[in-house]
There are 2 protein chains.
Amino acid sequence: MTGLDATPVPDRPLGRPRATTHDELEAVGMDLFRRMGYENVSVQQISDAAGVSRRTFFRYFPTKSDLPWGDFGLEVDRLRVTLSAVPDHVPLMAALRRAVVEFNRVPAEAVDQHRARLGLILTEPELIARSLLKFQLWREVIAEFAARRLGMPTSAFLPELVGEIALSAAVAAYRQWIPAPTSDLPTLIDTAFAAILDLDGLEHGTAAVLAQRLARPDGDPA
Amino acid sequence: MTGLDATPVPDRPLGRPRATTHDELEAVGMDLFRRMGYENVSVQQISDAAGVSRRTFFRYFPTKSDLPWGDFGLEVDRLRVTLSAVPDHVPLMAALRRAVVEFNRVPAEAVDQHRARLGLILTEPELIARSLLKFQLWREVIAEFAARRLGMPTSAFLPELVGEIALSAAVAAYRQWIPAPTSDLPTLIDTAFAAILDLDGLEHGTAAVLAQRLARPDGDPA
DNA sequence: ACCATAAATGACACCCTGTGCCAATGCAAT
DNA sequence: ATTGCATTGGCACAGGGTGTCATTTATGGT
């Protein structure tokens with residue numbers, strides 16, 4: 001050290017260097033899950049494949065079922081930021097619709113990986129169970145926004161209901177998207193919101209219109 | 001037995017008599033949960049308290065987290081029967097609204113117990129997780145009905161979405177009802193449906209009307 | 001009375017997840 | 001070299017859940 005340049009936070013401040021990363025464990029784990037099925041892979045196997053002890057795995061992920069979720073907290077923050085930037089003149093449901101649609105727009109090259117992730121999450125029973133816990137954060141962000149708009153506390157009935165509804169739209173769209181490689185997730189979600197905003201119309205022709213919209217190749221002339 | 005009456009299926013056809021029942025295990029378990037907290041009670045403790053081996057517990061319930069659900073499959077069947085009896089001229093959402101409201105009407109003397117159950121289910125993380133699996137059956141029944149009405153397969157987008165929406169209404173209502181001993185569950189659920197059917201109106205006065213409706217003591221002059 | 005049959009129980013062994021605890025490791029600064 | 005420190009790995013342990021098998025407790029026939 002020549003002692004001139006100040007490196008107050010030199011990326012590894014102190015102590016023994018890490019033996020792995022969240023990303024590596026996640027990659028190794030997802031690979032094993034895809035090849036052998038989620039419940040046929042033990043944490044021991046993942047740890048071995050990553051060259052790390054079982055104990056260390058649990059220092060990076062609180063649970064085996066957290067693996068497929070990546071850093072979901074960050075994603076949720078992204079949604080919160082998006083919503084906080086919405087101008088006041090945009091109606092509540094329109095704002096949510098747009099925000100949720102954009103939240104689920106993934107780069108073309110990441111689509112397959114994302115589908116695999118969600119497919120696992122909404123297929124494997126243990127992960128389905130876990131998803132409700134994870135999505136609580138997401139719902140909370142929606143509820144906060146609705147609460148601001150309606151002038152109520154976040155925990156009030158209507159904000160929480162709006163959070164549930166938005167999540168319903170997303171999850172229903174996920175379920176359709178996962179097994180259909182040609183479908184477009186943002187379009188599905190937008191359609192879900194359209195349906196929700198005209199539930200009473202479904203029996204009177206709206207359903208047919210929406211179904212036709214989904215049948216089109218990709219463009220979304222709404 | 002004087003030996004005259006024919007009993008072709010005498011309730012216990014053969015073999016060693018059962019040492020316990022679902023109801024007994026459930027009662028014993030729920031009592032322990034209430035006094036010590038769900039996660040502080042082991043299956044061993046429940047089994048001991050019921051005078052049965054741990055192994056036998058798992059012959060009656062597949063999981064510790066299934067205990068608070070009673071015979072949910074039967075409840076779901078009840079909902080299915082209700083819906084199948086709805087005349088064709090009743091609009092889709094009106095039928096669901098009514099059916100879900102009635103499904104959640106419990107006799108006055110069972111209210112406290114039911115609240116305790118749901119409170120546990122929607123409070124304890126492990127049980128929250130389990131709830132999604134359980135409610136899948138419930139959602140499926142709603143989706144079946146919507147599918148019939150819309151002339152689509154049950155697994156189509158819109159029927160599944162309607163199932164999600166109905167569940168949202170119920171769950172949001174549960175969450176408000178649990179910590180509020182004076183609130184009325186059917187009224188909350190009915191209000192949730194009212195809100196869902198007029199989401200765009202929430203910002204323009206509907207929210208206030210609904211909130212006021214809930215503030216009233218009990219009667220439901222809709 | 002006796003014996004076959006059948007269903008449920010209990011005991012045991014086992015694997016897995018998740019956690020607390022502590023000594024060993026590897027790197028940086030002194 | 002020594003010290004400081006975060007991370008690792010090993011170990012023991014509680015608890016959930018499952019497969020297996022001998023044992024128990026009834027019924028029904030002879």
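**Entry 1: DNA strand C**

I started with the surface near DNA strand C, where helix 3 of chain B gives the largest share, 3 residues. Near means that the C-beta atom, placed from the backbone, lies within 6 Å of the strand. Helices here are DSSP runs of H or I with at least four residues, numbered from the N terminus.

I noted the conventions next. This is a predicted model, in which local features need pLDDT of at least 70 and side-chain atom pairs count only at pLDDT 80 or more, while totals for chains, interfaces and linings use all residues. Residues are numbered from 1 along each chain as its sequence is written, and chains are lettered from A and ligands numbered from 1 in the order in which they are written.

I then listed the residues around DNA strand C. Of the 24, Ser42(A), Thr63(A), Gly15(B), Arg16(B) and Ser53(B) come nearest. Two or more residues each come from helix 2 (43-50) and helix 3 (54-60) of chain A, and from helix 3 (54-60) of chain B. By class I read 8 nonpolar, 9 polar and 7 charged. Nonpolar covers Ala, Val, Leu, Ile, Met, Phe, Trp, Tyr, Cys and Pro; charged covers Asp, Glu, Lys and Arg; the others, Gly among them, are polar.

**Entry 2: the two copies**

I laid chain A on chain B. A turn of 180° and a shift of 0.0 Å along the axis give an RMSD of 0.1 Å. The copies are therefore related as by a two-fold rotation axis. In chain A, Ala129(A) comes closest to the axis, with its C-alpha at 2.1 Å.

**Entry 3: the contact**

**Entry 4: helix 7 of chain B**

I checked helix 7 (residues 125-150) of chain B. Its 26 residues reach 36 Å from first C-alpha to last, close to the 38 Å expected at 1.5 Å a residue. The expected span is 1.5 Å times one less than the number of residues. A kink of about 30° is centred on Phe135(B). The bend is the angle between axes fitted to the seven residues ending at a residue and the seven starting there. Just after this helix, Gly151(B) has a positive phi of about 65°.

**Entry 5: confidence**

Chain A averages a pLDDT of 91, and 91% of the residues score at least 70. pLDDT is the predictor's confidence in each residue, from 0 to 100.

Technical notes
Least-squares fit on C-alpha atoms with pLDDT ≥ 70 in both.
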